[in-house]
Amino acid sequence: MNAVKQSKAVENSSLEDGFLSHESEVMKHSKAVLLLSCDFLTAWNSRKLILSKKQHIPMFIEELLLSALVLSFSPKSEQAWCHRRWVIKMIAGKCSTMQEILGKESELVEKIAERSKMNYRAWNHRCWLVSYMTKEQVLLELKKSGHWARLHVADSSCFHYRTRLMLWILEESCHKQEDESSDHDAEIYHIWQEELQWNKELIKHYVGREALWLYRRFLSLCWIRHFATDLSNSSRTSKCKTCIVTDISLFMNNELCLVHSCSSIPDDSYEDSEAQAVHSSTYILWLAKQIPESQGIELKKKLNAGNWKAVLNGACPGRSSLWDNLATDLEPSTK
């Protein structure tokens, strides 16, 4: 604190050497303090003040190394993560190796997530990085995080990250709508289909994982809204609209088949099988309320035939009132 006061005292004086000396003292002592108390905000802010005046890229890179060191022993330090984001904002557009830095940032989060389970701050930082990424990096991150998610299916933070990546892809698609490129639409459609298939494989392999079913809700809802609404726009060709309408029907049938395969509870079942039945049944009841009315009538008939309330009551009889509420909209209309 003495070094900070002395630095401010000589800031406006003509003694530049003395000012530089005090700046050096601030940087040295603040580093020592942060290694002892990583959430001491005054130390971080003192460093920001000096760095913002210098605007030297090498100094900003050094800050990334310092905060990485702090995070190595305090992986949930909010101030350390905030400092990294501040540094990246400062060098964005000024550093020729920005994409390489973003790649290393993503790798850092993944390494920390291996040691610190359910680290929301780390994954939130990784989600924040997406806005600075190129399309190639987003697709690469989708591939890399898929491998990690397969090994950590209970960590919902990774699926939040994949949600952010997939939304970025959709946002980019909206920006290119003026081009009316059918090739671009086909690419987005293919990416979404691959993600749905990947999620389906995980659901079947890792029984009873709620995070997988919640992620499927996101994928299904975006699929319905994007392909059932955007791609059926009157500006599209009639051929394209016909394909999409057919795919909506096929999509619903595929979801029903998936849920049917996951809703049965064997006699020698474990808790995971019961959880799988609950998650799958609530998913399809939820989905029935999201789809366009024209497709909803046929789906509701199939759902009524499946008697999903009985499945839910068998898996978790203690929540029968909740299952009744979920299934209310499936009852035939009396109008």
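Start by selecting residues 41-54, helix α3. Helices here are DSSP runs (H or I, at least four residues), numbered from the N terminus.

A bit of housekeeping: this is a predicted model, where local features need pLDDT of at least 70 and side-chain atom pairs count only at pLDDT 80 or more, while totals for chains, interfaces and linings use all residues. Residues are numbered from 1 along each chain as its sequence is written, and side-chain values use heavy atoms, leaving out hydrogens and water.

Still on α3, show the side chains of Ala43, Trp44, Ser46, Arg47, Lys48, Ile50 and Leu51: these are buried (under 20% relative accessible area, with exposed over 50% and partly exposed in between, using a 1.4 Å probe and protein chains only).

Next, click Gln55, which follows α3 and sits in the loop between α3 and α4. Its phi is near 55°, a positive value in a residue other than glycine. Gln55 is partly exposed, at 34% relative accessible area.

Now select α4 (residues 57-73) together with α6 (residues 98-115): their axes come within 11 Å and cross at roughly 10°. The axes are lines fitted to C-alpha atoms over the stretch in contact, with angles from 0 to 180 degrees between N-to-C directions. That makes α4 roughly parallel to α6, a label for angles under 35 degrees. To see the contact (heavy atoms within 4.5 Å), show Ile61, Leu64, Leu71 and Ser72 of α4 with Ile101, Glu105, Ile112 and Arg115 of α6.

Move on to Met118, in the loop between α6 and α7 (120-129). Here too is a positive phi in a residue other than glycine, near 55°, and Met118 is partly exposed at 44%.

Then pick α8, residues 135-151. Its 17 residues should span 24 Å, and the end C-alpha atoms are 25 Å apart, which agrees. Among its buried residues are Val138, Leu142 and Trp148.

Last stop: the largest nonpolar core, with 81 residues. Such a core is a set of buried Ala, Val, Leu, Ile, Met, Phe, Trp, Tyr and Cys residues joined through side-chain atoms within 4.5 Å. Select Met166, Ile169, Trp192, Trp223 and Leu287, which have the most contacts inside it. Finish on helix α11 (residues 210-230), which supplies the largest share of this core, 11 residues.

Conventions. Helix = DSSP H or I, 4+ residues; strand = E, 2+ residues; numbered from the N terminus. Parallel < 35°, antiparallel > 145°, perpendicular 65-115°, else oblique. Expected span 1.5 Å × (residues − 1).
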